[in-house]
Amino acid sequence: MKDKQEYIIEVKNAKKIYRMGSERITAVDDVSFSIRKGEFCCLYGSSGSGKSTLLNLMAGIEKLTNGQIMIKGRNIHRMSEKGLAKFRQNNLGFVFQSYNLLNSMTALENVELPLVFKHMKMKQRRKLALDMLKKVGLGERTKHKPTEMSGGQQQRVGIARAFVSNPEIVFADEPTGNLDSKTSMEVMDIIKNMARANNQTIVMVTHDPNLAQYADRIIHIFDGKVDEIIDLKNKDTKDSDLLSPLNTRPLVESEMLPAEQT
Amino acid sequence: MRISDRLRMGIRSLFRRKVRTLLTVLGVVIGCLFIIITISIGHGMDKSFETQVKEYGSLTTITVDTYGVIYDEDGNWAGSKEQKLDKNLLEQIKAIDHVRAVTPVVRAEGELIFGRYRSGISISAMDKEAFKEFEFPDLSFGQYPTDEDNSTILFGFYQPWEFYDPNSRMWTPVQVDLEKDKIAFKFYSWQYERNERKREFSIPLNNIAKMEETKSEFDYNTYMDLEYFQKIYLQYCNTLTLEDRKKAIKVLDEYQQIRLNVDNIDNVEEVQDKIRELGFQSESLLQYLQPTIDASKTLQLIFFFLGAVSMFVSAISIANTMVMSIYERTKEIGVMKVLGCVVKDIRLLFLFEAGMIGFLGGTIGVGLGYLASFLINKYGEPIFGALMGGGVAMGDMQGATFSIIPIYLPFLALGISICVGLLSGYFPARRATKISAIEAMRTEN
């Protein structure tokens with residue numbers, strides 16, 4: 001029992017098939033793995049490998065074709081729409097590649113949004129949101145609208161929004177995909193530090209091997225399947241051995257294929 | 001989401017598209033305005049009919065007179081004919097459908113006597129049940145005739161006329177207190193020849209009742225129970241010469257008028273047609289008012305139609321606005337869904353926006369409705385006066401109200417506006433909830 005509880009996310013034989021007219025495309029093909037609580041897990045793979053689809057499946061945004069995904073021991077694909085929404089309010093946070101901030105709202109209001117859905121009182125949520133913005137270094141820009149901010153700032157608002165309700169799991173889909181390398185590092189540091197401070201589980205999708213280094217564990221997705229799982233936590237074991245294939249092969253691939261955003 | 005948050009978000013998104021919101025609201029305003037004008041004019045007309053009815057008698061009353069006036073097809077006077085009204089006819093009229101009450105009316109001329117002063121009077125005698133059936137006014141003192149005591153003489157508010165001394169040269173009227181002073185009544189002596197051996201007939205009036213003011217025909221007439229009248233009339237006849245006595249008694253067999261009440265205003269015309277079939281001309285107030293009523297109904301129908309059409313158009317424009325708004329905010333809806341917004345909240349958010357458009361339109365519409373009502377009452381006389389006067393109440397047209405807004409009307413109009421908003425927002429809102437989060441987040445904007 002104790003072993004099972006330690007796994008906060010369990011993916012069992014997950015399968016996703018898209019139908020494009022008469023053609024069937026298997027985006028995720030019979031994938032199984034588990035993620036421990038407090039782990040920083042990276043779904044790493046090239047464009048079109050199905051990693052983003054897998055993340056969406058784990059977050060319950062997309063429907064599974066087959067198999068099951070358990071989060072905190074609950075099958076999220078068996079939940080009602082309302083139940084899933086409530087579950088997201090309380091347990092999940094999201095960081096998107098394109099930030100997905102609401103342009104009509106100020107930074108502060110954007111961060112408040114998940115708390116609004118949770119029926120939190122104005123005063124309380126304003127305080128939490130302000131704290132959060134300070135933590136991501138935007139204490140001075142709370143009244144600005146997303147359109148008046150740089151990409152890095154917008155993503156920091158996005159991170160604040162993802163963490164404001166203190167969720168146990170934060171899903172990040174290419175969080176630095178639209179940022180330059182320096183800002184990317186800053187953003188990754190923020191995510192990692194925040195998650196560590198509250199023992200939160202991070203599931204991040206990336207195609208960038210450098211970003212994958214931030215993770216405790218890298219799940220390498222290739223062609224809709226788990227290619228290999230690399231544990232980086234026990235660095236003293238086979239640190240260099242594990243990293244070498246990762247550093248070489250995908251880099252070659254990403255050089256050959258034009259980077260395509262999912 | 002808390003209700004306050006829904007309000008805030010809804011108002012924010014309405015404000016984001018000010019011009020579009022304003023134009024949509026305008027549609028509702030026009031619809032709401034028409035509804036208010038329609039109903040307020042309807043009430044104004046009802047009110048004006050009510051006062052006319054008070055002044056000229058009940059709209060359900062039909063009278064058949066000895067001299068029936070004949071009108072041609074266009075309602076012009078074409079002469080009159082003498083018609084014999086007797087018991088036979090009374091029974092025939094009673095048998096007509098929808099006739100609720102019938103009474104014969106016998107009129108007699110005479111004078112009131114107070115010492116040496118005299119006052120001419122015309123008494124209308126009718127069945128005592130009629131005083132109830134034809135909605136006679138309340139009495140300031142005295143009692144309507146009953147089975148036990150039917151000797152009451154009922155004076156209208158302005159009755160009797162003033163008392164003068166016929167032998168004096170001065171013709172100064174004297175004040176008579178009907179409750180205290182001793183007054184007697186006698187029939188005019190010039191009508192029939194008196195039997196010289198008998199004393200002139202006169203009867204003291206001990207049972208007097210007086211009506212309150214009604215501004216109607218009652219004010220200028222004096223009434224009596226027909227049975228009692230016949231009794232004193234026969235007593236009077238006994239004082240006449242043998243020859244004239246027969247003539248005088250014969251008068252009782254004929255009535256000066258038959259008055260009947262119809263159960264419903266809609267049946268007045270039908271009953272009048274039936275009386276015509278019996279060979280008698282009848283009159284009713286309704287036949288004068290009918291063209292007015294028809295015109296006002298047509299006018300109201302036109303306004304109602306305009307109101308309904310503009311409400312329908314504004315419903316379409318609200319629906320259109322909401323659909324556009326949802327297209328624009330597809331991505332937002334997707335993000336909100338992923339962040340844990342319950343479907344119900346999304347639906348309520350859009351419903352609130354649509355309802356808000358209805359509410360704003362309704363509120364402004366009600367405001368303009370009051371303004372329009374004011375303007376109609378102030379400057380609308382040339383148009384509405386012609387429609388509503390109907391040639392009957394011409395004297396009182398000055399300062400008349402054509403548009404009356406009853407208390408419930410602003411609420412009704414507002415309610416309709418909000419309902420139109422909610423109804424036309426319902427399907428777009430439902431559509432918004434059906435948007436798949438993943439599809440929504442992929443859309444660009």
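This is a predicted model: local features need pLDDT of at least 70, side-chain atom pairs count only at pLDDT 80 or more; totals for chains, interfaces and linings use all residues.
**Ground rules.** I number residues from 1 along each chain as its sequence is written, and chains are lettered from A in the order in which they are written. Local features need pLDDT of at least 70 and side-chain atom pairs count only at pLDDT 80 or more, while totals for chains, interfaces and linings use all residues.

**Chain B overall.** I looked up the elements of chain B and found 13 helices and 13 strands. Helices (H or I, at least four residues) and strands (E, at least two) are DSSP runs, numbered from the N terminus. Chain B has 445 residues, and 37% of them count as buried. Buried means that 20 or more other C-beta atoms lie within 10 Å of the residue's own; exposed means 12 or fewer, partly exposed in between, with C-beta atoms placed from the backbone.

**Where the chains touch.** I took two residues as in contact if their C-beta atoms, placed from the backbone, lie within 7 Å. The contact takes 17 residues from chain A and 17 residues from chain B. On the chain B side, α1 (3–16), α9 (330–338), α10 (343–379) and α13 (437–442) each give two or more residues.

**Helix α7 of chain A.** I then turned to α7(A), residues 181–198. Which of its residues are buried? They are Ser184(A), Val187(A), Met188(A), Ile191(A), Met194(A) and Ala195(A). They sit on the same side of α7(A), because they cover an arc of only 135° around the axis. That arc is taken over the directions from the helix axis to the C-beta atoms. An α-helix has 3.6 residues a turn, so residues three or four places apart point the same way. On the other side of α7(A), I found Lys182(A), Asp189(A), Asn193(A), Arg196(A) and Ala197(A) exposed. The cover over the buried residues includes β3 (40–44), α6 (151–163) and β7 (169–173) of chain A. Asn199(A) follows α7(A) and has a positive phi, near 55°.

Most residues other than glycine have a negative phi, and most peptide bonds are trans. I noted some exceptions.

- His119(A) has a positive phi, near 65°. His119(A) lies in the loop between α4 (107–117) and α5 (122–135) of chain A. His119(A) counts as exposed, with 12 C-beta neighbours inside 10 Å.
- Glu174(A) has a positive phi, near 45°. Glu174(A) is in the loop between β7 and α7 of chain A. Glu174(A) counts as buried, with 22 C-beta neighbours inside 10 Å.
- The peptide bond from Gln159(B) to Pro160(B) is cis, with omega near -10°. Pro160(B) is in the loop between β7 (153–155) and β8 (183–187) of chain B.

Technical notes
The expected span of a helix is 1.5 Å times one less than its number of residues.
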